[in-house]
Amino acid sequence: MLKLEHISKTFNSGTQNEKCALSDFSLSVEAGEYVTIIGANGAGKSTLFNAIAGSFFTDSGKITLDGKDITFAPAHERAREIGRIFQDPMLGTCPGMSIEENLAMAAKRGGWFSHITRADREFFREKLRALDMGLENRLDAQVGLLSGGQRQALTLLMATIVPPRLLLLDEHTAALDPGTAEKVLSLTETVIRENRLTCLMITHNMQSALDLGSRTLMLHQGGILMDVSGEERKGMGVSDLLERFRALSGAALDNDRMLLG
Amino acid sequence: MLLNLMQTALELGLLCALTTLALFLSYKMLNVCDLSTDGCFTLGAVVGAVVAIAGHPGLSLLAAMAAGVCSGFVVALLQTRCGLNSLLAGIIVNTGLYSVNIALMGGASMLNMNKTETVFSFVKDLLEGTVLSEQYRLLTALVFVLLALTALLLFLRTRLGLAIRATGNNPDCVRASSINPSFTTTVGLCASNALTALSGCLLAQSQKAVDINLGSGMVTIALAALLIGGTLVSKGGMTARALGAVAGAIIFRLIYALALRLHMPAFMLKLVSSVIVALCLALPYIRTQLPLWKRRRAHRKGEA
């Protein structure tokens, strides 16, 4: 479904700050797969997402989505098939616009000159009710006035209101308080299940990396260090992950943001 | 005399309100400070005058707006396709338009429309003999402002309008909705400059003359009006804010008219507008810094 072939990306090429963020990176994801991704800071997790979503073009290699070559497709074109949610709840929504205006833009209903209709409002209200955040009666509220959790839930709704082929979640619950994070995560699970989305999720929580999804990747220095799925993954615990990392990389997994529990 | 002055101020305020609405679109919605406004205003005036003198008063408005669209398109092109900073793109186009405008006037720096049929003379003939015949300029300006206001507000509520507002808010969010922000920026600047050009065209026709300096300082005047409007209506919906912008333009002209009554020389207009803009833009910052200054002073006194 998603295929990355020999992708490379180097930042600040030719300077002292040269950083090879992805080197000869290859990955194939099947339709309906739910892949969790872990790795230390600077391992290339976000760079990988940026490459897939088209935030920049790669230095070499080829990216295909559903058999279509998207290596040089601009970000806004890829957004038709790829939804993305960032860690920062501020990034996915427009603060100066109301909830219904944000949703209307994401929902892509009607032509360029269509207005928000009563049917649209009813549709939005129904979708918002499913979030269970009390937003369904606040269609006219400015998004900038919502809490981080509410904004992230709205971002999730906006990213999936037209179900994408692929959903990229970049530590999308990391900036929320534990209760809200759990709620947004369970909403995410529901959306993925209901729409049978293919999903890649970056997480810094090793336990949820194993609990969620069907496959786990560990990135290290711009490449895939470990790729487990199926039976092998079922029996694994966090300590197994750490041990495997040590054995494969020859170093201890050292990351102050990594949650071991 | 005073009433007469007020009426002129109201007329000018309404005509400039179109430029204020244009900046409302580009500066407030799209978050682009379009410095080609001065040149575009004159461009609209010149194109409108040339077409009106050729005998097509109705067509002159459309021609002026089309010229504005072209000018806005070039500004957008420089920003979105050539990577120019948006301020620089505006300044460059503004400079270029000076030559274009003189060229359009056939090398002259002034055109006279004393005997030309214009939109205003058309309305004057229409109202001939009625009680409103004296107010023909005011009424024409009012009609155009209402038309522009309605069109703008309807436009901002369309999906394209929402995308333009979102571009000023969070371009990444626009991309995520699979809309190209370059496209929305281009459409926004074209629409905004069409309004600016229409504003210039109408002002020139109401004054029955156009000269090359007609638009100079217009961007500051319109910004001042926009900021006054913003202070009037700081909260509230799109309609309230747009109405605030129009009110700001009128208030600005009224204050200016009063200042003229108090024997302020006419050439002071631009300094006054500069001061208003500078104050309006600086005040929010100064307000945030004030507690710090106070604390620092108290701190220094405590030490001494």
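Here are a few worked exercises on this predicted two-chain model.

**Exercise 1. Work out which parts of chain B touch chain A, and how much area is buried there.**

Step 1: Start with the head count. On the chain B side 20 residues are in contact, and they meet 27 residues of chain A.

Step 2: Turn to area. About 2100 Å² is buried between the two chains, with carbon and sulfur atoms giving 64% of that. R159(B), L162(B) and S178(B) stand out: together they supply 31% of what chain B buries against chain A, more than any other three residues.

Step 3: Look at the polar side of things. The interface has 11 residue pairs in polar contact, both partners being at pLDDT 80 or more. The elements of chain B giving two or more residues to this face are α6 (136-157), α7 (159-169) and α8 (171-176). Helix α7(B) gives the largest share, 7 residues. By type, the chain B face splits into 10 nonpolar, 6 polar and 4 charged residues.

**Exercise 2. Find the salt bridge that joins chain B to chain A, and say whether its partners are buried or exposed.**

Step 1: Across this interface there is 1 salt bridge.

Step 2: Its partners are E101(A) and R165(B), whose closest N and O atoms are 3.0 Å apart. The pair runs from helix α3 (residues 99-107) of chain A over to helix α7 of chain B.

Step 3: Check the accessibility. E101(A) is buried, and R165(B) is too.

**Exercise 3. Compare two salt bridges inside chain A: R215(A) with E33(A), and R125(A) with E122(A).**

Step 1: Take R215(A) and E33(A), where the closest N and O atoms are 3.1 Å apart. R215(A) sits in strand β9 (residues 215-220), while E33(A) is in the loop between β2 (19-29) and β3 (34-39), so the link ties together distant parts of the chain, 182 residues apart. Both of these residues are buried. They also belong to a network of salt bridges that includes D227(A).

Step 2: Now take R125(A) and E122(A), with 3.3 Å between the closest N and O atoms. These two are 3 residues apart in helix α4 (residues 118-131) of chain A, so about one helical turn separates them.

Step 3: Use the cut-offs: buried is under 20% relative accessible area and exposed is over 50%. R125(A), at 26%, therefore counts as partly exposed, and E122(A), at 41%, is partly exposed as well.

**Exercise 4. Describe the surroundings of R84(A).**

Step 1: R84(A) lies in strand β6 (residues 82-85) of chain A, and it counts as buried because its relative accessibility is 13%.

Step 2: List the polar partners. Its side chain makes a polar contact of 2.8 Å with that of N50(A) and another of 3.2 Å with that of S55(A). Beyond four places in sequence, the residues in contact with R84(A) also include F49(A), A159(A), L168(A) and D170(A).

Step 3: Follow N50(A)'s stretch of chain. Helix α1 (residues 45-53) is mostly covered, with 7 of its 9 residues buried; F49(A) and A53(A) are among them. Just past this helix, G54(A) has a positive phi of about 90°.

**Exercise 5. Sum up the fold of chain B and decide whether its radius of gyration agrees with a compact globule.**

Step 1: Chain B has 12 helices and 2 strands.

Step 2: For 304 residues, a compact globule would come out near 19 Å; chain B has 21 Å, which agrees.

Step 3: Buried residues make up 50% of chain B.

Definitions and conventions
Residues are numbered from 1 along each chain as its sequence is written. Chains are lettered from A and ligands numbered from 1 in the order in which they are written. This is a predicted model: local features need pLDDT of at least 70, side-chain atom pairs count only at pLDDT 80 or more; totals for chains, interfaces and linings use all residues. Side-chain values use heavy atoms; hydrogens and water are left out. Contact means heavy atoms within 4.5 Å. Buried area is the accessible area (1.4 Å probe) that two parts lose on being put together, summed over both. A salt bridge is a side-chain nitrogen of Lys or Arg within 4 Å of a carboxyl oxygen of Asp or Glu. A polar contact is a pair of N or O atoms within 3.5 Å; within protein, one must be able to donate a hydrogen and the other to accept it, and residues adjacent in sequence count only if both atoms are side-chain atoms. Helices (H or I, at least four residues) and strands (E, at least two) are DSSP runs, numbered from the N terminus. Ala, Val, Leu, Ile, Met, Phe, Trp, Tyr, Cys and Pro count as nonpolar, Asp, Glu, Lys and Arg as charged, and the others, Gly among them, as polar. The radius of gyration is taken over C-alpha atoms; the globule rule is 2.2 Å times the number of residues to the power 0.38. Buried means under 20% relative accessible area, exposed over 50%, partly exposed in between (1.4 Å probe, protein chains only).
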